[in-house]
Amino acid sequence: MSALEWLPLESNPDIMNRFLEKLGVPKKWGISDIVSLDEELLNLVPTPVYAVLLLFPFSEADNEYCKKQEEIAKSGDEKPDENLYFMNQTIANGCGVVALIHAIANNMEYLDLNYDSIIKKFIEETKTLSPTCKSKVLELKSEISLALKGSYEDGRSLCTKCEFHFIALIHSNSKLYELDGRKTAPVFHGSTSNETFLKDAVRVCREYMERDSQNINFNALAFGAV
């Protein structure tokens, strides 16, 4: 268990962008709201979009989906790209931080991070480690924990039990992947491209919503140009 204090990351672009800036991500990149999943309104999202983050409530339907994906991962039938940066979540309430790391680490070639940025150092340090070892290193990164805490302008206390979870959707080598720190492996969701990525990622978001159709507490966010 981590000895550091890790606040949950709020699904709020202002807070998330302050956090990204403290991590060393240039201001031209950040988080934007996806105000609607309707295809016509997706044109309002700043481009390019490099990742989509989805926040959703825990549910029995999601538990069943996770079990199904674990069976697929154990079967070995799907082999994710070797270049994917994937980590597990071992920090309580750390899903938002893990989702942002997934978004950044799998788009390093576009972001032009400074060599001494906090997040670049972390990614370079951990990129060859196993998914669990990556997270164990994160547990002890006080500079990242403090950057998160400093992103809130008001005082925040630890959340003993969060009822929501973040995942990241990214594209790698013309493939769409779901990266979720609770799972043992990335989830493959078909082919994609730079031009269709946002639409393809939104399709996965819709699938999450359809599995829990009685719940309206979903929030989708874009990582890319702001």
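This is a predicted model: local features need pLDDT of at least 70, side-chain atom pairs count only at pLDDT 80 or more; totals for chains, interfaces and linings use all residues.
Trainee: Where does UniProt put the "active site"?

Mentor: The UniProt entry, which is unreviewed, places that feature at Cys-95 and His-165. The two are spread over 71 residues of sequence, yet they cluster in space, with a largest C-alpha distance of 6.2 Å.

Trainee: Which elements do Cys-95 and His-165 lie in?

Mentor: Cys-95 lies in helix 3, residues 95-105. His-165 has its place in strand 3, residues 164-172.

Trainee: Is Cys-95 buried or exposed?

Mentor: Buried, because the relative accessible area of Cys-95 is 9% and the cut-off for buried is under 20%.

Trainee: And His-165, buried or exposed?

Mentor: His-165 is buried too, with a relative accessible area of 2%.

Trainee: What is Cys-95 in contact with?

Mentor: Leaving out neighbours within four places in sequence, Cys-95 contacts Gln-89, Phe-164, His-165 and Phe-166.

Trainee: What does His-165 touch?

Mentor: Not counting residues up to four places away in sequence, His-165 touches Leu-54, Leu-55, Phe-56, Phe-58, Gln-89, Cys-95, Asp-180 and Arg-182.

Trainee: Switching to helix 1. Which of its residues are buried?

Mentor: Helix 1 runs over residues 13-23, and its buried residues are Pro-13, Ile-15, Met-16, Phe-19, Leu-20 and Leu-23.

Trainee: Why do they count as being on the same side of helix 1?

Mentor: Because they cover an arc of only 165° around the axis. In general, an α-helix has 3.6 residues a turn, so residues three or four places apart point the same way.

Trainee: What caps the N-terminal end of helix 1?

Mentor: Asn-12 does: one of its side-chain oxygens lies 2.9 Å from the backbone nitrogen of Asp-14.

Trainee: What comes just after helix 1?

Mentor: Gly-24, which takes a positive phi of about 105°.

Trainee: New topic. How many cavities of 30 Å³ or more are there in the whole structure?

Mentor: A search finds one. The largest cavity has a volume of about 50 Å³.

Trainee: Which residues line the largest cavity?

Mentor: Its lining consists of Phe-56, Pro-57, Ser-59, Ala-61, Asp-62, Tyr-208, Arg-211, Asp-212 and Phe-218. Strand 2 (49-57), helix 2 (60-75) and helix 8 (197-211) are the elements that give two or more residues to that lining.

Terms used: Residues are numbered from 1 along each chain as its sequence is written. Side-chain values use heavy atoms; hydrogens and water are left out. UniProt positions are given in the numbering used here, feature names are shortened, and annotations may be inferred rather than shown by experiment. Helices (H or I, at least four residues) and strands (E, at least two) are DSSP runs, numbered from the N terminus. Buried means under 20% relative accessible area, exposed over 50%, partly exposed in between (1.4 Å probe, protein chains only). Contact means heavy atoms within 4.5 Å. The arc is that of the directions from the helix axis to the C-beta atoms. A polar contact is a pair of N or O atoms within 3.5 Å; within protein, one must be able to donate a hydrogen and the other to accept it, and residues adjacent in sequence count only if both atoms are side-chain atoms. On a 1 Å grid over the protein atoms alone, a cavity is a set of points where a 1.4 Å probe fits but cannot get out, and a pocket is an open set with protein on both sides within 12 Å along at least five of seven lines; lining residues have an atom within 4 Å of a point. Grid points are joined across faces, edges and corners, and a volume is the space filled by probe spheres set on the points.
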